[in-house]
Amino acid sequence: MKGFGLGFGVAGVDSIHRFAQPVLLLVVIAVAVISWSASVADADAAPPQPVPIWSDVTPAGPGTSPSDRTGASMVFDPVSGNLVLFGGDDGTDLLRETWVWNGSQWDDVTPASPSDSPPARNFASMAFDPRSGQVVLFGGEGVGGRVNDTWTWNGSVWVELNNGVALSPSPRSAASMAYDPATGSMVLFGGGDGTSPVNDTWSLTGSTWTELNDGSSGSPSERMLASMAFDPASGSLILFGGRDSGGTGLDDTWALSGSSWSPANPATSPPARLAASMDFDPGTGNLVLFGGLDSSGTNRLNDTWIWSRGNWSQLTPNGDPGSPPVRSAAAMAFNPVSGSIFLFGGAESNTGNLDDTWSLGPPSGLESNWSDLSQSPPSPAPSSRKFASMAFDPASGSLVLFGGFNGTSWLNDTWTWDAVNGWSMETLAAGPSAREGAVMAFDPGVGNLVLFGGKNGSGALNDTWIWDGNGWSQAVANAQPGSPPARFGASAAFDPQTTNTPSGSVIVFGGNDGTAVLDDTWSWDGYGWNQVTTVTSPPAREAASMDFDPTNGNLVLFGGSVGSAQLDDIWTWSLANGWVEALPGSGPSGRNGASIGFDPSIGKTVLFGGFEDGVWLSDTWTWDEGTWTELSPAISPPARSAAATAFDPASGNLVIFGGSDSGTGTLNDTWSFSLQPDPPSATIASPADGGTFTVGQNAATSFACQEGSGGSGLASCLDSNGDSAPNGMLDTSMAGALTYEVTATSEDSLTGTDSIAYTVSKASPELVAPAATSSTVGSPVEFGVTLSAAYNPSGEIVFSAYGPNDANCSGSPAYTSGPVAVDTNGNYESPDFTPETPGTYNWVASYGGDANNDAAVTDCGAAGTVSTVTAGPVCPAISLNFTLARAGASGGGTPSVYAMFKPGNKVAAKITPRVLYLAGKKTRVLKLKSSTIKVTGSRKLRFKLNAKSRNAIRKQFGRIRNVKVTLKLTASLKLQGSANSCFTKPITRKLVTRIS
């Protein structure tokens, strides 16, 4: 991996040095250079980021903080791992104090000798220069007026570079300054020169100032107290607002690429302001703007805005009680030790200054987690590979991936990736030859990526190549004297404090030359290689993991292998101490090819995976202050080694791509490691878990949802029935063991759930018999029941008659009906039963139940279930029968079915008519009114269709008359004048006819 530093400062006003409106702000992102397998990743959408919140971290007690002041300058120094604050105005005097924030408290480190500090001033411009590994301060307003001297801070004293002797910007204050890693230089814009604001642009390289743009055309208008910081996502410096020559605040946004300014024209902008604080937050990949003075220059603000992907969005509104109090000209810087933006002091009024310290970062309790970016909206991606090289390129705001080995062939393709557009393959005329195991890192000294060595089918290489954001150019040819010996599997990182020339260097250690494992250390200063001689050195190794840790200003080297032995030792490199072995106690097991990178969002170095003794690993560790801690993320990438790895400040994520998961297997998935918000939570207050309810019972619920720490707000709080908090209902529409669940969904699509188990028992229906009928032998008896207390019943009822004289219903029933279908609570009747033997008959009705209802049965002998059958008179010995024939209709009126009833004798007939018709493949039956008639020879019968029957036929055929039907007539006959007990058993005849 590789890293870079950023700085920004605003200073000055063009009236008097007590002016309480300026702002200084600066950004530093320390470079993290990853191991030899460092590289880039693929993602189409960054995982959800926690919503930053402001926290007051002012140390308690007198003397533990700088005094209240405005117009101070502040920046993070990755060499010492501290924030550095200089100068300001306390309302009475201009100050020359130097303070550092060590992560928990402020310390006054002002040099004892006045010659070792710049003269007192406020509104100076300050930023960190990773080329020299030093903090740079320019100009400001001193006791005698505006100045243009340039100073550097080396961690203990200030050293003046020049005082206007060489070419430099004119004396000024309230200028905007930031380090531009895309060009490898410090950039200064505008400010107030004592007469009016200016709009010229300057760059500082080493100790030499160069005018990039005199402001005559194409530049932002003249201004002072503007806010400026480097935006890695666009690879350009972003400038916002400021005060124009008329004293009015501005609201325009500009971008500087190289020496060319262009208006950004965002769709949304903060209101016009001056003396606001701005810095880049690599934890979220956004610029952060806070407070300042409104357009009139009289009202101070405390709103917070985010610049992301070409547009502004508001994080907290003005007057938000969770924000720092209103202020202008506060000092601001990102502190990777805590992974948060720091804000100090500023002016709360024209006469009052502040001395409080605030941090803007994710809420406590959040944890980093892995996200599989390969599953985002698909885009072209590099093919599977291992030992590719990857680093972040601030010039383009994207990760750059080169080469690797796919298990069969060496590759030489170049890809770029950013979190919005995913992967893009670069079409290039020339570039490095195909290889694996090369080292690649960003060199802020010249603003380019540098790639060295590797191997291919011809063996190990030692050529050096430069990526300038547009293409490759060879800096040193293969086998050229003065370069490190050819090697692959080396470890590399940029160290801002290693100075062979007035700039930092890319440090390369170890590797394999094809015949032996190496232990030498080399540095690349942007122009050539130099071997570094050290008193002690890590043992020889290859495929070790190395990165720069800005919290203490050291390179960190872990593991690697020598032959078949995997190492687990850890070493640190610094300019002052060289190589020193750290003794962390316990930590990751020995391995090679692990991914490593510094993650500013948590202020720690992250290690993932690797290879150990035939096993590919998937564990995640952090290195912090000499201690390893193993993490247990909920999601992890599959085990692998030799993945390409780099921190992407544009999205705020540590990204890995591809690698090897077996001896010959290669991968092309992309994962990111980032601090993510906790998911929201859901709570079911009632009913309690494990309750029992009856089917169909009304059971109310009460539930609530709460956003997780760092979340962006709740989008919904819904139960499994779609009801919203705070109330819902259990689903009791079916019996069984069920689950009720509530889901909380946040605005960033994270979810949390709560659930209870509950049981729904079947309903317990009842069967009640109103009264069974009695008769004489030969006459039917009737029996029916009422079904009640069932829930949407289905199934069947069966009727049985026991007897004669079976008081316990223990024998075989004399009669058992066919099943009678159940479709509702209500009355159900047994088909007629005509006993042939006198006696007492006990009816039993049985309901078989269904999925939601228990079975039910009437008791033998219960009230309403007994039919008494007596012996009747002697009936004439004659056989009775009948036939049906068609009979013409007579007139209109109610639709009817006509038939000629021919018994051939003078008879009395109990008739039960039914009309049948086909509906598709099913036969439908319509019950008509039963009656008793007398017939002499034959009789024409008319059966009127009731309304229910007419509606059923019309629904099926669209008409009623002339519909073909079957008349089914069941009749019991007796000779006229004989006893009722002489009715015959039911006789059924059918007649096919039509409705008239």
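This is a predicted model: local features need pLDDT of at least 70, side-chain atom pairs count only at pLDDT 80 or more; totals for chains, interfaces and linings use all residues.

Residues are numbered from 1 along each chain as its sequence is written, and side-chain values use heavy atoms, with hydrogens and water left out.

**Overall form**

- The protein holds one helix and 77 strands, where helices (H or I, at least four residues) and strands (E, at least two) are DSSP runs numbered from the N terminus.
- The radius of gyration, taken over C-alpha atoms, is compared with a globule rule of 2.2 Å times the number of residues to the power 0.38; the protein has a value of 45 Å, well over the 30 Å that the rule gives for 996 residues, so it is more spread out than a compact globule.
- The C-alpha trace spans about 145 × 70 × 55 Å along its principal axes.
- Of the 996 residues, 57% count as buried, with buried meaning under 20% relative accessible area, exposed over 50%, and partly exposed in between (1.4 Å probe, protein chains only).

**Nonpolar cores**

- A nonpolar core is a set of buried Ala, Val, Leu, Ile, Met, Phe, Trp, Tyr and Cys residues joined through side-chain atoms within 4.5 Å; the largest has 31 residues, of which Phe882, Leu884, Phe901, Ile911, Leu969, Leu973 and Ile995 touch the most other members.
- The elements that give two or more residues to this core are β71 (896-902), β72 (906-919), β74 (931-936), β75 (939-944), β76 (964-975) and β77 (987-994).
- Leaving aside neighbours within four places in sequence, Leu969 is in contact (heavy atoms within 4.5 Å) with residues including Phe882, Leu884, Phe901, Ile911, Leu941 and Phe943.
- A second, separate core of 23 residues includes Ala769, Phe783, Val820 and Trp843.

**Pocket and cavities**

- On a 1 Å grid over the protein atoms alone, a cavity is a set of points where a 1.4 Å probe fits but cannot get out, a pocket is an open set with protein on both sides within 12 Å along at least five of seven lines, and lining residues have an atom within 4 Å of a point.
- Grid points are joined across faces, edges and corners, and a volume is the space filled by probe spheres set on the points; by this account the largest pocket holds about 1300 Å³.
- Among the 34 residues lining that pocket, Ser830, Pro831, Asp832, Thr912 and Arg914 are the closest to its centre, and β72 gives the most to the lining, with five residues.
- The search of the whole structure finds two cavities of 30 Å³ or more, and the largest cavity holds about 60 Å³.
- Residues lining the largest cavity include Gln49, Asp281, Gly339, Ser601 and Leu675.

**Backbone geometry**

- Most residues other than glycine have a negative phi, and most peptide bonds are trans.
- A cis peptide bond joins Ala725 and Pro726, with omega about 15°, and another joins Gly803 and Pro804, with omega about 5°.
- Arg309 has a positive phi near 55°, lies in the loop between β24 (300-308) and β25 (311-316), and counts as partly exposed at 35% relative accessibility.
- Asp613 has a positive phi of about 50°, lies in the loop between β47 (604-612) and β48 (615-624), and counts as exposed at 58% relative accessibility.
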